[in-house]
Amino acid sequence: MSLRNKEVEDLIFKSYLEEVMQKKKFLKMNRYIQHGTTTCLLHSIAVAYYSYRICNLLKINIHEKELIRGALLHDYFLYDWHAKYKPTRNEGFHGRIHPRIALFNARKDYDINEIEEDIISKHMFPLTFYPPKYRESIIVCLVDKLCSIHETFNKHAYTKLTNKVGETKKERRIISRRINIYN
Ligand SMILES: [Fe+2]
Ligand SMILES: [Fe+2]
């Protein structure tokens, strides 16, 4: 493995993020809350960023492109899961069905491969019966849970990260959006 510093890793992360963000639909995730005041967009960016950072820190050999893209799209379900009358209310429990919906949307909007599909469809394991197959999917599955706990107990989660990953002022504004459902 080549020696890289954090700045280089951040640039690599940003380049993959920029690519995914080209689709305006991806930014729609900032309309929906994930946990606490954190939007689905910020949650997905955080899961991708910290999954990537952890792999680099622990020197875990991964397909970085797949890890980042799969994590960015793991919650690409595009509805408010807190709403009483959500579009999927007749299809089952959100925790179990949303990976399938995210995968359906991701396949429609992006050219995704087997590793990325596995990351998206298995990230809710053990709620989804089949365990993650790849190293990348296992890491995202674990980091997703840690990020979810962090967001639930922290109203200002990822403040530094939002400033770091947004390239333009507009992007930073979109990423840093917070929603308070308790208002
Ligand atoms: Fe999820
Ligand atoms: Fe998630």
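1. A residue is called buried here if 20 or more other C-beta atoms lie within 10 Å of its own, exposed if 12 or fewer do, and partly exposed in between. The coordinates to which this criterion is applied belong to a predicted model.

2. On that criterion, seven of the nine residues of helix 6 (residues 114-122) are buried, so this helix is largely enclosed by the rest of the structure. The buried positions are Ile115, Glu116, Asp118, Ile119, Ile120, Ser121 and Lys122, and the elements that cover them include helix 4 (64-72), helix 5 (94-109) and helix 7 (135-153).

3. For the chain overall, the secondary structure consists of nine helices and two strands, which follow one another along the sequence as α-α-β-β-α-α-α-α-α-α-α. Buried residues make up 37% of the 183 residues, and the C-alpha trace spans about 50 × 40 × 30 Å along its principal axes.

4. The radius of gyration of the chain is 15 Å, which agrees with the value near 16 Å that a compact globule of 183 residues would have. Among contacts with a separation of 6 or more, 63% are accounted for by residues 24 or more positions apart.

5. How do helix 4 and helix 6 pack, in terms of angle and axis distance? Their axes are 8 Å apart and meet at an angle of about 40 degrees, which makes helix 4 oblique to helix 6; the crossing in which helix 4 passes helix 6 is right-handed. On the helix 4 side the contact is formed by Glu66, Arg69, Gly70 and Ala71, which meet Ile115, Glu116, Ile119 and Ile120 in helix 6. By class, this contact of helix 4 with helix 6 has four nonpolar, one polar and three charged residues.

6. Once neighbours within four places in sequence are left aside, Glu117 is in contact with Leu103 and Ile112.

7. Another helix pair to inspect is helix 3 (residues 40-57) with helix 7, whose axes are 9 Å apart at an angle of about 125 degrees. That angle makes helix 3 oblique to helix 7, and helix 3 passes helix 7 in a right-handed crossing. His43, Ala46, Val47, Tyr50, Ser51, Ile54 and Cys55 in helix 3 are the residues that meet Ile139, Val140, Val143, Asp144, Cys147 and Glu151 in helix 7. The residues of this contact divide into nine nonpolar, two polar and two charged.

8. Where does His63 lie? His63 is placed in the loop between helix 3 and helix 4, and with 15 C-beta neighbours inside 10 Å it counts as partly exposed. Apart from neighbours within four places in sequence, His63 is in contact with Ile115 and Glu136. The C-alpha atoms of His63 and Lys122, which are 59 residues apart along the chain, are separated by 17 Å.

Terms used
Residues are numbered from 1 along each chain as its sequence is written. Chains are lettered from A and ligands numbered from 1 in the order in which they are written. This is a predicted model: local features need pLDDT of at least 70, side-chain atom pairs count only at pLDDT 80 or more; totals for chains, interfaces and linings use all residues. Helices (H or I, at least four residues) and strands (E, at least two) are DSSP runs, numbered from the N terminus. The radius of gyration is taken over C-alpha atoms; the globule rule is 2.2 Å times the number of residues to the power 0.38. Two residues are in contact if their C-beta atoms, placed from the backbone, lie within 7 Å. Axes are lines fitted to C-alpha atoms, for helices over the stretch in contact, and angles run from 0 to 180 degrees between N-to-C directions. Angles under 35 degrees count as roughly parallel, over 145 as roughly antiparallel, 65 to 115 as roughly perpendicular and the rest as oblique. A crossing is left-handed if the near helix is turned anticlockwise from the far one by less than a right angle, and right-handed if clockwise. Ala, Val, Leu, Ile, Met, Phe, Trp, Tyr, Cys and Pro count as nonpolar, Asp, Glu, Lys and Arg as charged, and the others, Gly among them, as polar.
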